[in-house]
Amino acid sequence: MAQIARVVVDVATRQTDQPYDYAIPDSLTGQVEPGMRVVVPFGRRKVQGFVVALQAQADFNGKLKPIQSVMDLEPVLNPELLALSKWVAHTTFSFWMTTMQTMLPAAMKASYARQLIRTAPLPAAGQALFGDRDTIPYPETLTPVQAKQLRQWLQQDLVRLEYVVKNKARAKTRQGVRLPDAAKLASTAQTLSPRAKGQRQLLAGIQAAPFSGALPITTVAKQYDVSPSVVEAARTAGWLLPAVIEVRRNPLDLAVKRDQPKKLTADQQKAAGQFIAAVTERQPRTFLLEGVTGSGKTEVYLQTIQQALNQGRTALMLVPEIALTPQMVHRVHARFGSAVAVLHSGLSDGEKYDEWRRIQHHQAQIVVGARSAVFAPLTHIGVIIIDEEHETSYKQEDSPRYHARNVALKRAKTFHCPVILGSATPSLESRARAEKNVYTLVRLPERINRKPLPPVHVIDMRENTGNRVQPDFSPELLTALNTTLARHEQSVLLLNRRGYSTQAMCRNCGWIARCPNCDISLTVHRSQHELVCHYCGHKEPIPTRCPVCHSDKIRFFGSGTEKIQDQLQEILPAARILRMDVDTTRKKGGHAKILKAFGEQKADILLGTQMIAKGLDYPTVTLVGVINADTALGLPDFRASERTFQLLTQVAGRAGRGDKPGQVIIQTYNPDHYAIQYAAKQDYEGFFKREMFVRHQGKYPPYYYTVLLTISAPQETVTAQEAYRIANDLKPLLSPTAIVLGPTPRSITRINNRYYYQILVKFKKEPALGRGLHNLLQNSQSLIKSKVQVAIDFEPQQI
Ligand code: ADP
Ligand code: ZN
Ligand code: ZN
C-alpha cells in the first residue's frame, strides 16, 4: 500500500511548482488517489494541492508532514489529463499548478473551493438525498467506512458531489415527492379526514395508477388533476414523502428538431471516407480539410462523429467562439441530441459545472466547445475536430499559453485517433505541414450544388474624392446598399474597429487625447459620451475644449462601427440596422439575440467587427461590404497579410449562400496588395504560395519557429536593463543559425503603467533552448521583488 503522496501545492512560484512528498495518515488510507485535491501543510500555512502520484517510498529523506484532508472523493483529473497537464506546463513554460487548474470548470478552480457532499445524513443506497448547507458533512468528517461507501455510490451515480464556491455553482433543486411503501399508502385512506376532498382524490388517483421515483410537486398535481397545494398538503400530512429533485442546467434547448444525415456529394464522400476509415482503424493521423465556405465541411464532421459513436468512442469538436457560431452548435445538437455537451465561456459557472460532470460521468459522448474544451474529461476519444483551425482564439494569450491545436494533437496520439483541422483559409503553419505530408490534405473545392462564389469588387478608396460628405462610403457601395434594400434582401457590413472614432484631436494645436496609463490614443464612444482606452479600460468624458490651447475645435478622426451606424442611418433612413461588436454584445446571450433578429429578417443591414465574419449562414444575405480592408494590414505583425486575407475571405463567404446570387464590395487604400487581390479572387492556394515566399524571405514561421520573451516592469529603465541581461544570458546557448531580435520596446511600450520590452528568437532547431528558457524562468523568480515579470510565449500569435 502506498504511503506517500506526491503533491503539487498551490503556492505559485517557480521553485515550488514541483511535487512534494506527503505522508498519508492511517485515517486516510485508501482514500487518496492521483488526480484528487488535498489540503496539506506548507510552511506555516495550509494550502490546496493536487495529488499527482502515489508511491511506496519518499524521495525526500526527512520527516514527512501528513496530508491534512482530502477534498475529493473521486479524482477530478484522470490519469490521461494529469499527464497532459504536466506536458502542457512543460511545453508552454507555465506552472503545473496552473495547467491543472485550467482543466477544471470555474466552479472548482478557485483555491480552497470546498467540496461538499450533498447528503445528510448519509443516504440509503438507491436514493440521492440533499440536505441543507449547515448539515452537510465535509469529507474529512467522514469515517473511512462512510467514505468508502460514498465512493461506491458516487461511481454508481447514486449521490452527487457539489463544489460550492461563493454559492455560485450549487445544484439547482426543486421540491418533489415520492410514494411511501404500499402498506402505508393503503392505510392512509383510513386516516384522511373526509373533508380533505382534494387529498382523497389524489390518493384515489395514485392508488389507481401509482407513479415511481421522485417527481416535482407540480408534475404530480398535473398528473392527478389536483392543485399543487393539495400535493403539498399531502406531504405535510406525511403520506407523500418529501424529495428534492435535482434540475440539471442544460444550456441546450432539448426540444430541438432532430435532423437526418444528408446524402454526401462525391467530394464530401471522398473526404468523409478517409476520416471514417481513420476513426475505424484508430489511426492517429492529422487531416487538413481545406474547403471553401459553404462546401459542406460540417456535414462531413457530423458523419465522422457518427462513426466514432458507432465504434463506442467519443468525439471532441472545437469551434472558435460559440457565441459567434450558434448555428454550428445547433447543427451538432440537432443531429445527436442529448449526447452533446457544450463548454464555453458564455455559460454560467453552474451550467459549465453540470456539463463538465456529464462528460466526466460518460453521460455525454460529444463535446462541442471553445479553446479550453480541448481539456474536456472525455475518455475513449475517437476523433477530434478543430473547425476554423486558423483562428487566433485557439491560442491562449495568458498563462498557460497553450495552443488548442497542439493539445489536440497530443491527446490524439494518446487515444490513437485522427484529428481533422478544417478551414477555408488554413493557417500557413498547417498548410505547410500538409505540403510536407505531415498532415494529409483533403480538399472540398466547390460549394454545395456548385453554387458559385460571389463576385468581388475591389474599390480603390484613394480615388473616392467625389464624396466628401460620406467619405467612408464609395458610390459603388452606396448603390449596392440601396438596391439590396429595395429588393428586400439583406446586407452584411464589416468594419474591424469599434467605437465612434479612433481619435479625438484639437484642430487648433494638434493635441490628441491619449490614455494616461498607456501609449495609445483614446477611442471616442459617443453614445456613452466617453473616451475609452481599449487596452486598460481607462475612461474619461469627451472634452468640449482642448486642455492645452482651450480652443473648442475638438474633432473626431477615424471611423468606428458606431459612427458608421450613424452615417448609414442618415444615408438610408428606411434601413433597419443592427450593430454587432464588443459594445453591443456584453450581456450574456447578446450575440445570439442579434443573430436571431437578423436571421428572422428583422433587420436589413448587419454592421459589425470581425465577429460577423464567422459562421453566419443566412441565405437572404446577398451583399457583403467591407468598409475598410486595411485595418489589419498596417499592424506591425508578420501575420498582418494572413489575417487580412482570412478575414476578407471569411466575410466574403457570407454572401450568396441562398438561391439569389451575392456580391462583395471591398473598400481599400491598398487595392494592389496581394492579400486583398487574392482574397478578391478567393484564391487560397495562390495566397499560400505568395505568402510562403514572403515568410521565407523574412525568416518567419512556418520556416522558422519563434519564441517571444516579454519583459515588463513599472520603470522603463529596469525593464530595459533586465531585457538586455536576459538576451545576453540567452545568446551563448544558441547556435549560429538562430536569430535573436531585440530587445526592443514593444510597439505599444506602456500599458497600464507597465513598460514592455520584447526579445524574439527565431530558430530551426535549438536543443538547448528549452532548458535555457526553463532555467531563465527559475532565475527570474528573484526579480519578483523589483516587480519584473518575464513571460515566454512559444509560437506567439502576434509579434
Ligand atoms: P461549410 O461548413 O463548409 O461552410 P456547410 O456544412 O455549412 O459548409 O454547408 C453549406 C450548406 O450546404 C448548408 O446549408 C448545409 O446544410 C448544406 N449541405 C451540406 N452538405 C450537403 C449535402 N450533402 N447535400 C445537401 N446539402 C448539403
Ligand atoms: Zn488645442
Ligand atoms: Zn490605457
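This briefing goes through the chain as a whole, then its ligand shell, some helices, some single residues and some backbone details. The model is predicted. The secondary structure of the chain comes to 22 helices and 32 strands. Of its 799 residues, 41% count as buried.

**The chain and its domains**

- Six domains are listed in the domain assignment of the chain, starting with domain 1 (4-110), domain 2 (111-167) and domain 3 (173-246).
- The assignment continues with domain 4 (266-444), domain 5 (456-500 + 559-695) and domain 6 (705-794).
- Domain 5 is written as two stretches of the chain, 456-500 and 559-695.
- Between the C-alpha centres of domain 5 and domain 6 there are 38 Å.
- Among contacts between residues at least 6 apart in sequence, 73% join residues at least 24 apart.

**The shell around ligand 1**

- There are 15 residues around ligand 1, and Gly296, Lys297, Thr298, Glu299 and Ile448 come nearest.
- Helix H10 (residues 297-310) gives the largest share of this shell, three residues.
- Sorted by class, the shell has eight polar, five charged and two nonpolar residues.

**Helix H13**

- Helix H13 covers residues 404-415, which makes twelve residues.
- From its first C-alpha to its last, H13 reaches 16 Å, close to the 16 Å expected at 1.5 Å a residue.
- Its buried residues are Ala404, Arg405, Val407, Ala408, Arg411, Ala412 and Phe415.
- Seen down the axis of H13, these buried residues fall within an arc of 155°, so they line one face of the helix.
- The buried residues of H13 pack against one helix, H1 (79-92), and against the strands E12 (314-318), E15 (381-387) and E16 (419-423).
- After H13 comes histidine 416, with a positive phi near 55°.

**Helix H19**

- In helix H19 (residues 674-681), the buried residues are Ala675, Ile676, Tyr678, Ala679 and Ala680.
- The cover over these buried residues includes helix H18 (640-652) and helix H20 (684-698).
- Strand E18 (456-460) and strand E28 (663-668) are also included in that cover.
- Just after H19, glutamine 682 has a positive phi of about 50°.

**Leucine 185**

- Leucine 185 is found in helix H5, which covers residues 182-191.
- Leucine 185 counts as partly exposed because it has 16 C-beta neighbours inside 10 Å, and a residue needs 20 or more to be buried.
- Leaving out residues up to four places away in sequence, leucine 185 touches Leu179, Pro180 and Gln207.
- Leucine 240 is 55 residues away from leucine 185 along the chain, and their C-alpha atoms are separated by 8.5 Å.

**Tyrosine 755**

- Tyrosine 755 lies in strand E31 (residues 754-763).
- Tyrosine 755 is buried because 21 other C-beta atoms lie within 10 Å.
- Leaving out residues up to four places away in sequence, tyrosine 755 touches Ser712, Ala713, Gln715, Glu716, Thr719, Thr749 and Arg750.
- Glutamine 677 is 78 residues away from tyrosine 755 along the chain, and their C-alpha atoms are separated by 38 Å.

**Cis peptide bonds**

- Serine 399 and proline 400 are joined by a cis peptide bond, with omega about -5°.
- Proline 400 is placed in the loop between E15 and H13.
- Proline 701 and proline 702 are also joined by a cis peptide bond, with omega about 5°.
- Proline 702 is placed in the loop between H20 and strand E29 (705-713).

- Glutamine 601 has a phi near 60°, a positive value in a residue other than glycine.
- Glutamine 601 is found in the loop between helix H17 (590-599) and strand E26 (605-608).
- Glutamine 601 counts as partly exposed because it has 13 C-beta neighbours inside 10 Å.
- Glutamate 795 has a phi near 50°, again a positive value in a residue other than glycine.
- The place of glutamate 795 is in the segment after strand E32 (789-794).
- With 16 other C-beta atoms within 10 Å, glutamate 795 is partly exposed.

Notes: Residues numbered from 1 in each chain as written. Chains lettered and ligands numbered in written order. Predicted model: local features only at pLDDT ≥ 70, side-chain atom pairs only at ≥ 80, totals over all residues. Helix = DSSP H or I, 4+ residues; strand = E, 2+ residues; numbered from the N terminus. Expected span 1.5 Å × (residues − 1). Buried ≥ 20, exposed ≤ 12 C-beta atoms within 10 Å, placed from the backbone. Arc of directions from axis to C-beta. Contact = placed C-beta atoms within 7 Å. Domains from an automatic or database assignment. Near = placed C-beta within 6 Å. Nonpolar A, V, L, I, M, F, W, Y, C, P; charged D, E, K, R; others polar.
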